[in-house]
Structures are given as C-alpha cells and as structure tokens.
Amino acid sequence: MKDELYVIKPNNVSELLTQMIHAASSNSNVIAVTETSPLPDLTNKKILLAVDLNEAGFCIPIIEIISNLYKKGPSALAGSKAAILIYSPNEYNTKSVAANIIFQLNLLGCQFPGHPVVEAVASLKNFKTWQKTLDLTLEEICLAQCAKLEALFKDFEAPQVDTPYIVALHSSSSETSNTLGLWNMVKSQLSNCVIEELHVENGTVMDCNGCSFKTCSHYSKRSSCFYGGVLVKEIYPAIERADAVIWICPNYNDSVSANISAVINRLTALYRKTGFYDKAMFAVVVSGNSGSDSVAMQLLDALCINKGFYLPSNFCITATANDPGDILKVTDIKKISEEFAENIKYNFKTHGL
C-alpha cells in the first residue's frame, strides 16, 4: 500500500518542477494542496513542498499557504515531516528560500530528515559535480536526486533512544555569556541524558583548508583531517558518539562565531566517512538585539540541508539579551527553557506518524 503524501504546490507549476514532483512522489499516493484548495489538517502527515520561484525569488502561493498554516496555531504541523523541491529561473534564492521555509515550518512542529531539499537552478549547473561520477544528463541527475529524496523521506524516522548521548558545542565565556546561561537552564532539565560539553577555544580549530575531494576522502577514512588537532582528537569522536548535537551560538553580526563556523566547515571529512542522518541537531541562540532567526537558518542550512543532520520539531530556542546576566530577566525564560528541554527528550521517545 502506498503512503499518503501531501504535495503543497502552486496551481501552475513549471515543466521541470512538474517532472521533479513526479520523480519524488511516484511511489506515493499524492494528495495535492494548492493555493485554491481548502487547507486540510496537516498534523501527522508526510509533506512535500514544491516551490516555483519567480525572477525575484518569491513563490507567492507557497507564502500564502504557510501564512494560513500559522493561523492554525503553533501546532499546525505537529507530528509531521517534510521535504522540499525548489526551482529558480535564475541562479539565486534556492538555498535561502528553502532554509526560510524549513525554519517557518519547524516552528509549527514539523521535522525534516537530513538532506531534505532538492534544488534546481535554471541552468542546472548545481548538478555538474555529479557528472564527474555519473554518465547522465544534468536533467537526469536532477530527477534521480528527486527519486532518492522520496526514498530517504519515506524511511525517515527519528531514532528512539532510552538514554540519548548529547554533545553540546560552544565557544563562549562562562562568566559573561547569556547564551551559555540559557543553555545551563536547559541542561539542568535534561534528565536521563548523557551530556558531553565541549568548549571550542580561540585558536584551537583552524578553518577548512579546502582540500581536494581525493585528499579529504583520504583523511576521512582515518577519521582525520588535514589540520588534525582538537577537532580530530575530541570533537570528531564526540559527534560520532552523539545522538544529538546542540550548537550553542551567540549572534555575531547575524551569524555564528568564527570558531563554530570552522567546526562546521571541517565536519566534511567526518561527513564523508559516516552520514549524520541518525543524529539530531538542536540550537541555543541568543541575540543582543535581533537576528536569532538568521543564525538559526544558517545552522539548519549548513547542518541539515548540507551535512545531513535531521531536524527535530522546534529545534531552536532563542532569546534576546544584551548585557551580561540579562538572560535571567527575559519574561518566562525558565518556563521556555523547561519546554525546550522537554522537546529534546521527547524527540527520542516513541512517537511518529
């Protein structure tokens, strides 16, 4: 029996995106949801979003559907999981729009498997790297990736773990960091978990050297990297053990810190050796003024879309706190941190579609 798949798409879809939808849903019982359809109950569903961007990088029908989902409340997609197909008539906006959509749906309770996006730009140049190993046209590679997404998406379930092993990564000062203060509130509520906390100190992690694929693969087979160091000795083994990685990230100019960015960049060697599909990613983000969503989207783009960590529902806790200690003054912060801790623990319990 075929699984039901809710395909959210515009009424009018470009020819290539139509083919992509078919390739990503050929083994499913498709229920189409368009901007003119009554919005069904989308809790506990499998959802495929087909996003057809215009020249300016917008897909108005999808924006309107998501806006209507928000009217249903913060649990509008509780228990659901989703993936995305996205087409652009130029070479812009596919990643940024996909990351934004994932962030918005995640806030409504939706979870995403690792590598949940197939993107196609007008020239299909983004598939050229696959032609180094596949004797296929760019269009054939695109459609093959869509079929692969369907298989991946169909099999995705968050692992059930009695005592999850959680790795928390940060590069902040314990005396002054509001972000660490928020993490400590969350950590105090994480019972029945094993937590390994790693401080990425300044100067201990060099940024990626940009090695060739062959060189990176060579080091990958040894769970190593060109630069070695603390990343290879401590961080790689910890992530290999982890059921979840929590990224503790103050907002630095609407992005993660240089140290955390270097860690993410150098995960490629480990990624080549072992997939991250069975590892959850969570985030703790604190901004002095605004922009926590920018940091959260940077993390999910790099780690879920690109590196393959799966994204649990409501993966990120955010707050605005400027001066040292201000995190304690945030309204209902204790309750918010307790709820986030419960969400982390819930991710590993028996639940699903």
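Which residues does Asn343 touch, not counting residues up to four places away in sequence? The legends below begin with this residue.

This is a predicted model, in which local features need pLDDT of at least 70, side-chain atom pairs count only at pLDDT 80 or more, and totals for chains, interfaces and linings use all residues. Residues are numbered from 1 along each chain as its sequence is written, and side-chain values use heavy atoms, with hydrogens and water left out.

**View 1. Asn343 and its contacts.** Asn343 touches Phe282, Ser313 and Asn314 (contact means heavy atoms within 4.5 Å). Asn343 belongs to helix α11, residues 333–347 (a helix is a DSSP run of H or I with at least four residues, a strand a run of E with at least two, numbered from the N terminus). Asn343 counts as buried because its relative accessibility is 15% (buried is under 20% relative accessible area, exposed over 50%, partly exposed in between, with a 1.4 Å probe and protein chains only).

**View 2. His115, a residue with positive phi.** Most residues other than glycine have a negative phi. The phi of His115, however, is near 55°. His115 sits in the loop between α3 (94–107) and β5. With a relative accessible area of 17%, His115 is buried.

**View 3. Asn192, a residue with positive phi.** Phi of Asn192 is near 55°. The loop between α5 (178–187) and β7 (194–199) holds Asn192. Asn192 has 61% relative accessibility and therefore counts as exposed.

**View 4. The loop residue Asp135.** Asp135 is located between β5 (117–121) and α4 (138–155). Its relative accessibility is 80%, so Asp135 counts as exposed.
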